[in-house]
Amino acid sequence: MKGGAIKLFVLVVGINIFFAYIGLYFLPQSQSLPPKTIKIEKGIAQDELIAAGETILFGKGQCMVCHPMKPESGMRAPAIATIGADMVKAAKERNIPIENYVFEGLVNPAEYIQKGFENMMPPVHKAPTSLTEGELIAVSAYLQSKGANITINYPDSVPILQDEIKKETKKGGNG
Amino acid sequence: MADVSVKKGLTKGVIKLTVLLGISFLFLFVLGKLLPTPTEDGYRVFPLIGSRVWVWIIAQLHLNFAAFVLGVPIFAVSMEFLSWRRSDERLDRIAYDFTKLFTLAYTITAAVGTLLLISLPVLYPKFMDHMMKILGPTWWLYIVVMYVEVMVCYYYYYSWHKMKDNKGTHVAIGGLLNIMGVIMLLITSAWVGYMTTPAGVSETGELLSRWKAIKTHMWIPLSIHRLCANVVFGAGIAASYAAYRFIVAETDEDRAYYDWMGYTSAMISIGFSLILPGVGYLLGVEIYSFNEQMGIQLMGGFFAWLWVMQAILIGAILMFVNYYLWISLNKMPGGERYFKYVKYLFVTMLLGYAVWLTPHSVALSLDEARKMGTYHPVLGNLGVMAAKNTAVVITYLATFLSFAIFKMSNKEAVVSWAKLGNALRGLIVIGSTVIVLILGVYSYMVSSAVRVKILSPIQFGVFFLAIVALFILDAKMFKGAKILGEPRWGKMPERSQYALIGITVTFTWLMGMMGYMRSGGRQYWHVYGIMQDTSPDAFLPTHGFASVVTSILTVIFFALMGLLFYGIMKLEKKGGQGGAKA
C-alpha cells in the first residue's frame with residue numbers, strides 16, 4: 001500500500017513539474033504591465049506629438065490588438081499603414097472636415113463603420129482605455145501621418161475633439 | 001463518521017460550519033484591529049509571497065474543492081436513481097462511495113473557504129467594500145444557502161442506510177442537494193461575472209441596478225461552463241480515487257470493483273467534457289459581445305501562448321483517455337478484433353493535436369507585434385479558429401470512436417441488417433468528418449461574425465449529431481447481440497490506472513490555468529473598466545511564473561485529496577458506515 005502511495009505521489013509531482021517546465025522554458029516570458037498616461041504639454045512639437053501618438057497606439061491604446069500595421073486578409077480593423085489617406089477619402093465622401101472624422105473614429109466610432117468591417121471599436125476616451133484629451137490628439141496626429149497632411153495639433157484641436165465627445169454623449173454615452 | 005445517527009450527523013455539520021464562520025468573523029475583527037491600516041488606495045500586503053499569490057492559491061484551491069463537492073453529487077444521485085430503478089447493488093455502492101467522498105470533502109472546502117473569507121477583506125478592503133456595496137445581499141444569501149446545502153448533504157449521507165427501503169425519497173433529497181449546489185454556483189458566478197463584465201453601475205462604480213449587476217454577460221454562460229466542468233472534474237477525482245484503490249487493493253474482488261468504478265467515473269468525466277468546448281464557446285461569444293477587445297486580448301493577445309498550453313493539456317488528457325480505452329480492449333473478450341483500428345485513431349489524434357497546438361498570433365506583446373507582424377505567414381493559417389475548431393471536433397470524434405469501439409468490442413451483432421448497420425456507422429463517421437472539414441475550409445472565406453456565430457456552432461452540431469446517431473444505431477444494432485464474454489474487470493495492468501490519475505492531474509492543472517486566464521483577462525482592473533487595480537501586483541506575470549504557481553497549487557490540492565482518501569480508508573478499516581462494502 002505504501003509503495004502504491006509513493007508511486008502516485010511521484011506521478012502527481014512529476015506531471016506538475018513537467019507542466020511548470022513547459023511554462024518556464026517553452027513559452028515566451030514577458031510581463032504585461034499596466035499602461036502609463038502620457039502627458040502632452042501645450043505647444044508640443046509636431047514630431048514629438050506623432051511619436052507620442054505611436055507610443056500610445058502600441059501601448060495604452062491597445063489599438064494593435066485589432067488593427068494590423070499592413071493590410072492582411074481577414075483583418076478585424078483597418079490597417080494603420082495607409083489609414084491617414086483612407087480617412088481623407090472617407091471624410092470627403094461624407095463631406096465632413098477631416099479633423100472631425102478622425103476624432104469621431106476614436107470617441108464615437110459606431111457613428112460610421114467602414115465597408116467590410118464590423119461595429120466593434122469602443123469609444124477610447126472611456127474606460128477601460130480611458131485616453132486623455134492630449135493622448136487622443138497625439139493618436140489622431142499619428143494616424144494622419146500615415147498618408148495625409150497633419151492638421152491636428154495640441155491644444156488647438158481640443159474644441160473639435162470636445163464637440164465629437166459631446167455628440168457621443170448626446171447619443172447615449174455618459175461622456 | 002461510522003454509525004453516526006442522522007441527527008448527530010446533522011448537528012456535527014451545522015456546528016462545523018458555524019465554528020468556521022465564527023472563526024472567519026473573529027479573525028476579521030481581530031486582524032482589522034491589529035494590522036496596520038491599509039494603504040491609501042486600499043491594500044495590505046501579505047508577507048513573503050505577496051497578496052496576489054496568496055489569494056490566487058487559496059481561491060483556486062477553494063474553487064477546486066467547491067467544483068468537486070458540487071460536481072460529484074450530480075452523478076452520485078444519478079447513480080443512486082439508476083440503482084433504485086434497476087435494483088442494482090453495485091450502482092448503489094458506487095453512489096454511496098461518491099457520497100462518502102464529497103461529504104468528507106465539504107469540511108476541507110469550508111476550511112479553505114474560511115481562509116479566503118478572511119484573506120480578501122483583510123488584504124483588499126477597498127475592493128471588498130465595493131463588492132459588498134454592489135452585491136452585498138448575494139453574500140448573505142450565499143451563507144444561508146451554504147447552511148441549507150450542508151444540512152441537506154449531511155442528511156443525504158447519514159440517512160443512506162436508514163432510508164434504503166425508501167429510495168425514492170432519498171433520491172429526492174439528493175436532487176434537492178443538487179439544486180442547492182446550482183444556486184451556490186449561480187451566486188459565485190454572479191460575483192465573477194460582475195468583476196469581468198460589469199453592468200448595473202455608473203462609470204464611477206455607483207450602483208444603478210443590482211439585478212443588472214448580477215445578470216451580466218458572463219453570468220449564465222460561466223455558470224453553465226462551471227457546472228459541466230464540475231461534473232468532469234468531480235468524476236475525474238472519483239476516477240483517481242478508484243485508481244488509487246485499485247493500485248492498493250489486496251483482493252481480486254476489490255480490484256474488479258475499483259476497476260469498474262474507475263472506468264465508470266472516467267467515462268462520465270470524458271462524456272461531460274465533450275460538452276465543454278461548446279459551452280466554453282458560448283462563454284467566449286458573451287465575452288466578445290461585452291467587449292471585443294477583452295475577447296481578442298484573451299484569445300490572441302498576451303494569453304495567446306497559454307491557449308497553446310491549453311491545447312497541450314487537453315491533448316494530453318485525450319491521449320491519456322484514448323490510451324486507457326485502447327488498453328481496456330485487452331479485458332474485453334473479442335477486443336483484439338479492434339486492435340487494427342488503434343493506429344488510425346492514433347494518427348488522427350496526432351494530426352488534430354498538431355493543428356490545435358499551432359498558435360495564431362505568436363507575438364506576445366504589442367511591441368513584438370510591431371516588430372514581427374501580428375500573424376505568422378504560414379502557420380498563422382493553421383492557428384486561426386477555422387482550423388482549430390475543425391481539429392478539435394475531429395479529435396473529439398476520434399475519442400468517441402475509441403469509446404464506441406471499446407463498448408462494442410465484446411459483442412457481435414445478430415440483427416439481419418448488421419452489414420448495413422456497419423456500413424451506416426462508417427458513413428456517419430466519414431460523412432461527419434468530411435462535413436466538418438468542408439465547413440472548416442469554408443470558414444476561411446467568410447467574415448468572423450459568420451464563422452463565429454454560424455459555422456463553428458454547426459461544426460459542433462454535426463459532431464453531436466454524429467455521436468447521437470452512432471449511439472442510437474449501436475443501441476439498435478447491438479440489442480440482443482451475442483456476448484463474447486463479460487468484461488474481465490480487474491484484469492488491467494497497473495499502468496492503466498496511472499493514465500486515469502494523469503487525466504485528473506492534467507485537468508486540475510488546466511482548471512488552474514484557465515482560472516488564471518479568466519481572471520487575468522481583466523488585466524489591471526479589479527472590476528473591468530470600473531475599479532482599477534492600483535496595487536503593486538497590478539500586472540500580468542510571465543507565463544513561467546503562472547505555470548509554477550499553478551503547479552504548486554495543484555500539488556497542494558492533491559496532497560489534501562490524498563489525506564481525504566487516507567481518511568476514508570482509515571474509516572473503512574474501523575468498519576461500520578464508512579466501509580466501502582457497507
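**Confidence and helix packing**

Analyst: Here's where confidence sits in chain B: helix 13 of chain B is lowest, at a mean of 59, and helix 6 (residues 210-214) of chain B is highest, at 97. Keep in mind that this is a predicted model. Chain B has a mean pLDDT of 88, with 93% of its residues at 70 or more. Residues 577-582 of chain B stay under 50, and the model has 17 contacts beyond four places in sequence for them. The model's ipTM is 0.85 and its pTM is 0.85.

User: What makes helix 12 of chain B roughly antiparallel to helix 15 of chain B?

Analyst: Helix 12 (residues 339-357) and helix 15 (residues 385-408) of chain B pack at an angle of about 155°, their axes 8 Å apart. Angles over 145 degrees count as roughly antiparallel, so that is the label for helix 12 of chain B against helix 15 of chain B. Their crossing is left-handed.

User: Which classes of residue make up the contact of helix 12 of chain B with helix 15 of chain B?

Analyst: Residues from helix 12 of chain B including B:Leu345, B:Met349 and B:Trp356 meet a set in helix 15 of chain B, among them B:Val392, B:Leu401 and B:Ile405. By class, that contact has 13 nonpolar, four polar and one charged residues.

User: How do you know what class of residues sits between helix 2 and helix 19 of chain B?

Analyst: Look at who meets whom: B:Trp56, B:Ile57 and B:Leu61 are among the helix 2 residues of chain B, while the helix 19 side of chain B includes B:Ile552, B:Leu553 and B:Phe557. Sorted by class, the contact has nine nonpolar, two polar and no charged residues.

User: What does chain B bring to its contact with chain A?

Analyst: Chain B puts in 51 residues and chain A 38. Helix 19 of chain B gives the most to chain B's side, with nine residues. That side divides into 29 nonpolar, 18 polar and four charged residues.

Methods
Residues are numbered from 1 along each chain as its sequence is written. Chains are lettered from A and ligands numbered from 1 in the order in which they are written. This is a predicted model: local features need pLDDT of at least 70, side-chain atom pairs count only at pLDDT 80 or more; totals for chains, interfaces and linings use all residues. Axes are lines fitted to C-alpha atoms, for helices over the stretch in contact, and angles run from 0 to 180 degrees between N-to-C directions. Helices (H or I, at least four residues) and strands (E, at least two) are DSSP runs, numbered from the N terminus. Angles under 35 degrees count as roughly parallel, over 145 as roughly antiparallel, 65 to 115 as roughly perpendicular and the rest as oblique. A crossing is left-handed if the near helix is turned anticlockwise from the far one by less than a right angle, and right-handed if clockwise. Two residues are in contact if their C-beta atoms, placed from the backbone, lie within 7 Å. Ala, Val, Leu, Ile, Met, Phe, Trp, Tyr, Cys and Pro count as nonpolar, Asp, Glu, Lys and Arg as charged, and the others, Gly among them, as polar. pLDDT is the predictor's confidence in each residue, from 0 to 100.
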